[in-house]
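Please keep the sequence and the structure in view while reading.

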Amino acid sequence: MSTDTEVGADLPDHLVAHGEIRQTEVRQTHRVVIRFAGDSGDGMQLTGDRFTSEAAAFGNDLATLPNFPAEIRAPAGTLPGVSSFQLHFADYDILTPGDRPDVLVAMNPAALKSNLSDLPHGGVLIVNTDEFTKRNLTKVGYEANPLEDDSLAPYQVHRVAMATITRTALEPTGMSKKDAERAKNMFALGLLSWMYHRGTEGTEAFLREKFAKKPELAEANILAFRTGWNYGETTESFAVTYEVAPAALPTGTYRQITGNLALAYGVVAAGQLSKLPVFLGTYPITPASDVLHELSKHKGMGVTTFQAEDEIAGIGAALGASFGGALGVTSTSGPGVALKSETIGLAVALELPLLILDVQRGGPSTGLPTKTEQADLLQAMYGRNGEAPVPIIAPASPSECFAAAIEAAKIAITYRTPVFLLSDGAIANGSEPWNVPDVNDLPDLSVEFATAPNSPDGTEFWPYLRDDDTLARPWAVPGTAGLEHRIGGLEKADGRGSISYDPDNHDRMVRLRQAKIDGITVADVEVDDPDGAAEVLVLGWGSTFGPIGAACRRVRAAGMSVAQAHVRSMNPLPGNLGDVLHRYRRVVVPEMNLGQFAMMLRARYLVDVRSYTKVAGLPFGAEELAGVLTDAVKGDLPA
Amino acid sequence: MTAVDLPTPQRGGLDLVPTTDETQKAKDFTSDQEVRWCPGCGDYAVLASVRSFLPELGLRRENIVFVSGIGCSSRFPYYLDTYGMHSIHGRAPAIATGLAVTRPDLSVWVVTGDGDALSIGGNHLIHALRRNMNITILLFNNRIYGLTKGQYSPTSEVGKVTKSTPMGSVDAPFNPVSLALGAEATFVGRALDSDRKGLTEVLRQAAAHRGASLVEIFQDCPIFNDGSFDVLRKGDDVAQRLIPLVDGEPIRFGNDGEYGVVRADSGGLEVRPVAEVGEDALVTHRAGEQDPTQAFALSRLSDQDLTHTVTGIFRKVDRPTYDDGARAQVTAATEQAQQRGDNLQALLTGKDTWAVMPTPEQEA
């Protein structure tokens, strides 16, 4: 679908030479970006998910970007009610869900109006004409019907009366007109599946399972799906179909996974690897709730989930469970972190393991619940009273959430500390292929609980006597005879652990807690500098990894040199980071906030990093970042 | 959404906690921390009662945990040689919840005050009671903020002059027993700090109760609210003020049992001279009655000015506990998982996978 230039821009070098497109009925292409857009009630997320599953099963590399309103059902047909799902699939390793769609499926005027500006000229536009009534057009401010004037002339437009055709096809089922028309998303899915040579069996099996209790609905949806497929095959308006070959990814067994699912699996795995029961104390909040939903299914794997009365009780219960020797976990988003802050501070003082999974969203306050942002970094770093350092792990992609959860648990258990894991809305709901790990390759997280007195004279248990290497205190769980002790938020005497208001002791304890976190073993940051000639380093963290990587490919394809590095441990920072930063003439830090990581880097390393920031609720575009990096390479980047 | 019938295990509150044959004494439960409450503080009396009561339970000391919030009373755990956590303001019931759910072998106690439990922690208190967590909550009510030096609390009388209410408090107070009953508490009791016998009896039954037990303990703050409960301790009319509840007995009090509790025209209860209404009119106390209506009506007989104060056990009924239910689900799911042979690798791999095979060059 993409033109040669667009393909080449995002392609690794070895593929660029082969990027030609044959002008035959079946065209081969390296990558396609499809966006399904419709009303919140049109089932666009389901449609996108299904197409994604087919692409995954076919072996394409893929990345997805669901984008939906916070309202469950915003007023029908309005601009705020538009829900979309963008899928990028390819025959090579891609990094982002794509900046702009090659194909836009618009189910109503609102979807067309709010998405058309993203469709490049020449792009394919498939429109459900049935919704283009005068009333619906007026609702979104169209004075004239865009299907009837020449405003869509720059695009390859396919006008399809999806609702009418679906309704007619479903007439024999005896369903009401309204119910029949609701299956039009499956018609659209069928049509796209035909266009891209996707199988039908997977979707049909999926629908039969989804509607197992209502077989008539399953068959109606399958009929709509096949009608869409047949529509493509029999009408002449679609003269060309496209093939995207499987991607040559590293060998292994792959599955499709979202960030929240990978996060939940990582927590289950951490429980198994540590042989600790997992206790999730949490409160529903977008976009983190799916972690609760998923973990609540895995009671059979030693996971207890507790939906508390509020965010504070969620983390409180998790900390109580940790005190009892479980792996306490809480999941939330920014507003929930604000409420949990005092308990996180208590966990710092108690020095007990605790995982805080923060799936960041747009802020401040309620902000943009369903949109992505990275603006909780400084809240995670510093958002507590007193000196209360907490390690922070930030996965770079949906599938990385699995390993990140295990790493966070490992730090929490080893160092007896609360640990933040900063995901975000884009990672949480986005999906990609995951090379499923062999569980035998996962780290051992087993714990040694304290079992005997440890005081110098061997008669008492001192809860704050630290391990020389890790500075971690012993974890003695209730039920252990002879180790009865009291901990709490009041400052404790170094070693013995009794209440202490001694000024020197407090100074020592504050520094010990900081030293413990600073001393956590963190992997060095790796720099990708293919030709070794780069003077500009682009440094990212979290979900910006994909767009930054795609931007670097574009810049390098244009003959320029740029180095890329990505930080996954935000606290403590990798030991070699300072050296890396000082090695480059210019360091650019793109972030979906107003420069929080840049501020940390400037303060810590005295490096004049340049921020590039955006807080639009959507990931960076590769093209946009490529422009920024090009400016940086040419020395045109504004301060 | 569908609802499923859940099993209702019937057990005592401490049935899963390991016991010891060793003889225990109050001093075995005394930690090496120096007690730092003000001289004359009611907390001393409660601490003495609890220390001398705990040996009676015969539990292994290491399987007892006291969790507290913030306030004078919340220093309590430091003075007991059990496991303990002095947490943050109002959150002790939440922390105890996670502990109780994951550790059925522990006897979990919460120590809290009127400010801690009813003001900043009100939400956690009502939800712990509603869920019927298997924990015992000791609510020390001195009707004042002591540790912050004398502001009115959510149980202070209307009109109370304090540092923060120089013209008198205009805040309507909670009746903790009424609140607990409204929150579906399955065990609610009340005792005076100085009434060692009455307090111990309420503690005994609270500990034996499976589910959330709320024990309100009236307690003096000699510094900021001195003598606040004196009318219930000394003087000629104490017996005319205190209404002790005895399960299965007509509710009758006074020096010679001259007063009794009868049904009122309002639908609630009222105090009347027995001579006027006759013995047959007296209501009988039934702590085990599922319907909380009478227990609630009894709670309303306690006046802010302490003209009457009801003590004893208002309610003690069986209801499934959250922690038993949650553990039963985990146990059942674990058995099913073992029968199916579920394992981590199968979970991670899932059902829809594809394989990327080595290319011929890679294999070569």
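## Terms and model

Two strands pair if DSSP finds at least two bridges between them; helices (H or I, at least four residues) and strands (E, at least two) are DSSP runs, numbered from the N terminus. This is a predicted model, in which local features need pLDDT of at least 70 and side-chain atom pairs count only at pLDDT 80 or more, while totals for chains, interfaces and linings use all residues. Residues are numbered from 1 along each chain as its sequence is written, and side-chain values use heavy atoms, with hydrogens and water left out.

## Strand β15 of chain A and its partners

β15(A) pairs in the parallel sense with strand β14 (residues 392-393) of chain A over two bridges, and Ile392(A) has Phe420(A) as its bridge partner in β15(A). Between β14(A) and β15(A) the chain passes through helix α16 (residues 400-415) of chain A, and this β-α-β crossover is right-handed (with the strands pointing away from the viewer, the path from the first strand over the helix to the second runs clockwise). Strand β13 (residues 354-360) of chain A also pairs with β15(A) in the parallel sense, over seven bridges, and Leu357(A) is there the bridge partner of Leu421(A).

## Burial of the strand

Seven of the seven residues of β15(A), residues 418-424, are buried, so the strand is largely enclosed by the rest of the structure (buried means under 20% relative accessible area, exposed over 50%, partly exposed in between, with a 1.4 Å probe and protein chains only). In a regular strand the side chains alternate between the two faces of the sheet. Both faces of β15(A) are covered, with Phe420(A) and Leu422(A) among the buried residues on one side and Val419(A) and Leu421(A) among those on the other.

## Cysteines

Over all chains, the whole structure has zero disulfides (a disulfide is a pair of cysteine sulfur atoms within 2.5 Å). Cys72(B) is in no disulfide, and the nearest cysteine sulfur, that of Cys38(B), is 6.3 Å away.

Methods
Chains lettered and ligands numbered in written order.
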